[in-house]
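I opened my notebook and went through this model piece by piece. Here is what I looked up, in the order I did it.

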Amino acid sequence: MVAEVSDVRNMTRPPMGWAGKTLQEMLAESERLLVDTGHYYGVNKLSLKENDPIRYEKIWSRLRGGIVGARETALNISASPIVREIGELCFGLYTPEGDSITLSTGIMAHVHTMSEAIKHMVRAGYEEDPGINPGDIFTNNDPQLGDVHNADVQEFLPIIYEGELVGWAAGVTHETDVGAPQPASMPIGTVSRYEDGFIVSCQKVGTNDRIHRDYENRITTAVRTPFYWILDERCRIAGCQIMRENVLRVIEEEGLETYKTFIREVIEDTRQAFQKNLKLMTVPGIYRFPSFMDVPHSIDKGQMPEYAAVDSLMNCPMELRIGTDLAFEIDLDGANKWGYHSFNCTPSGIQGGLWVGLSQTLIPNDKVNDGAYLATKFNTPYGTWANPDNPAVSNTLSWMYLIPCFTGMFHGLSTAFTARGYVEEVVAAYPFTGNITQGGGPNHMGNPNGAWSNFEHSACGTSARYVMDGETSCAAVWNPEGDMGDVEAWELLEPLLYLGRNVRPMSGGAGKFRGGLGFETVRLVYNTPHQVMFNARDGHVFQCSGLFGGYPGATGYRHSVKNTDMKERIAKQLPYPTCDQDPENSQIDANVKGRTVVKDQYCYHRPDPHQEYDVYLSLIAGGHGVGDCLERDVALVVSDLNEGYLFGRFAERLYGVVAQQGTDGTWTADLAATEAKRAEMRKARLVRSQSVEEWMAAQRGRVERMEFNSAVRKMYRESHELSPKWRREFTAFWRLPADWTPGSED
Ligand code: MN
């Protein structure tokens, strides 16, 4: 789908690259030098850093500080709670060829995807057509060219000094609505790109620092919430302008040649730092951590085309290879096929996942840029969900499998850190950032309730470390400084009232150290005639395991009560639900009656109609656990009981802790009884256990005959067809006949 490369050598205007080169020539040279010398732009000596380290750090601080400051200023220009309240934006500075130099805080996942979009503009000959001039504004939200999904809209401003392109200022925000047939920013149930809504493919949308009126007209008619879109566009442009002026000031004061030397060196510096950290913190080897995700679209039969309304399981057999030569390779060979759903990824999108993972593990400081990316290799096999051979697939919720997929990298790196002794760096991966609450109502043009996307899932629980529990409700994998936002701000955006927002007990995975807890919100559809609502998170399967014996975080479910008695309850001042807390003793079920109760594990579905006074539960995920539950400090178990984070009935079953609740409600543990109970549980575990050989022998026949449900069979069939390596290994592992196949279509 990417436009053909047009050679700009014969263009009429003088080239705007350095030393009379075109941008295409600069990009080609950069790629050649990396291959030939092994160093970014052939920089094998960090001369500026070594000869004048203070000046080097000063330039760094001015550029990075300028970007962080630009973000803080710009976010106040936006009106969207997604941007203003929870900081769902990020800015980055790039080289003329599109390599990231430095970035702000925020949704860092997009730093490399914006890099891909700039490289596309260079390769496609934008230097000649449509031309790159001072004051130009380019916009992109096309995942085929450089993005994760079209809800993330990116802005690019060229930075031009005395006729030469010295870099790009770029910014990204997540929009409230993308103008798809279904409302909101990440529609579910779309089967192709032609249902993904408004897609702008690296388009020049402004000149002389002003957005073109025809582009504004297009936005006004293309999306349900043009007000937010246009103000977000202004927020991104303002941030980019602040960055641009800052860079030009640095060039004026430090000199152009120093700036050029600096941006080459700082990327090579990070590339080397990445390799140093890799050598310091990991043990070379092959680390394998598969993950899976359910796509249960059979629930949508009759609403989707027949070929799409099926259950699927996505397969990510992630292999991480760390070489003695400091190679860092991620391989998705064996992944299964893309599907007729909105969870497919593009190679650009999946690089976003890699980038955000690395910046939180191997480069855990502010000196992050594409140098880290350049030290890695990533195989995304063609035809799979990670690199579809059909450019028309839908991508609106690519994150749905990007996040589970990268749990394998966090687990692999954490295992490698442990092997090297860096146990403080261990993290049992991030949970899927759900439930994503989205919806929309009657779509009158400009109706602020026409579509809304709530982003409180930006504050999930984090996973346990090797030495401590995860944190409660504070982060998302794509925004480590996540915030749940104020209830009042969300209530302005969506026609739902918050009846309550509470920490959700037991949502984090159990373990010696448990995952941080997620939270729950109970919402009431209010002051709107008709709303469709989505859910979005893992439902039928765990998105990954815990680590070293820990449990994964709880999976989600949906729970709505429709046609309720809430109006009457409010009028008569009767109790109504402000929390849910325990699914087996649901406070919602106890405090509201309705003609229809939806309570199942179908967390992905087409828009589900709700109406006035319906009650909706949203469960925000908790993190995963680390280590054996029977090793958990008894005092931590008692503390969790007293805080209401652990239900009493699970203290003994999960942790072997014998505890009693006093008349004042306080829990205490019987240490002697606990010790005896744990000894008994360890013995019972040994009796119940079997060797891997025994387990494989018992399962082999089942595998050979593919006695699994249709989604699992379909997944195996697809991986078997797409990957000779996966086929060989699967057949050898299960000692199946050489000509074994998973059978034909059901
Ligand atoms: Mn996004």
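I started with a definition: buried means under 20% relative accessible area, exposed over 50%, and partly exposed in between (1.4 Å probe, protein chains only). This is a predicted model, where local features need pLDDT of at least 70 and side-chain atom pairs count only at pLDDT 80 or more, while totals for chains, interfaces and linings use all residues. Residues are numbered from 1 along each chain as its sequence is written, and side-chain values use heavy atoms, with hydrogens and water left out.

**Entry: Arg569**

I looked up Arg569 and found that it is buried, with a relative accessible area of 11%. Arg569 is in helix α15 (residues 566-571); helices (H or I, at least four residues) and strands (E, at least two) are DSSP runs, numbered from the N terminus. Not counting residues up to four places away in sequence, Arg569 touches Leu574, Pro575, Asn591, Val592 and Lys593, where contact means heavy atoms within 4.5 Å.

**Entry: domains and core**

I noted domain 1 (18-269), domain 2 (431-627), domain 3 (629-688) and domain 4 (692-733), with bounds from an automatic or database domain assignment. The centres of domain 2 and domain 4, taken over C-alpha atoms, are 35 Å apart.

Next came the nonpolar core, a set of buried Ala, Val, Leu, Ile, Met, Phe, Trp, Tyr and Cys residues joined through side-chain atoms within 4.5 Å. The largest one has 159 residues, and Ile330 and Phe406 are among those with the most contacts inside it. Helix α13 (residues 399-420) gives the largest share of this core, twelve residues. Domain 1 and domain 2 both give residues to this core, so it lies between them.

I then checked Ile330: leaving aside neighbours within four places in sequence, its contacts include Met318, Leu354, Phe378, Phe406 and Met409.

**Entry: manganese**

Which residues coordinate the manganese ion? I found His149 (NE2), Asp152 (OD), Asp152 (OD) and His174 (ND1), at 2.1 to 2.7 Å. Donors are N, O and S atoms within 2.8 Å of the metal (3.2 Å for Na, K and Ca); water is not among the atoms, so sites may look incomplete. Along the chain, the donors follow the spacing H-x2-D-x21-H. His149 is buried, with a relative accessible area of 1%, and Asp152 is buried, also with a value of 1%.
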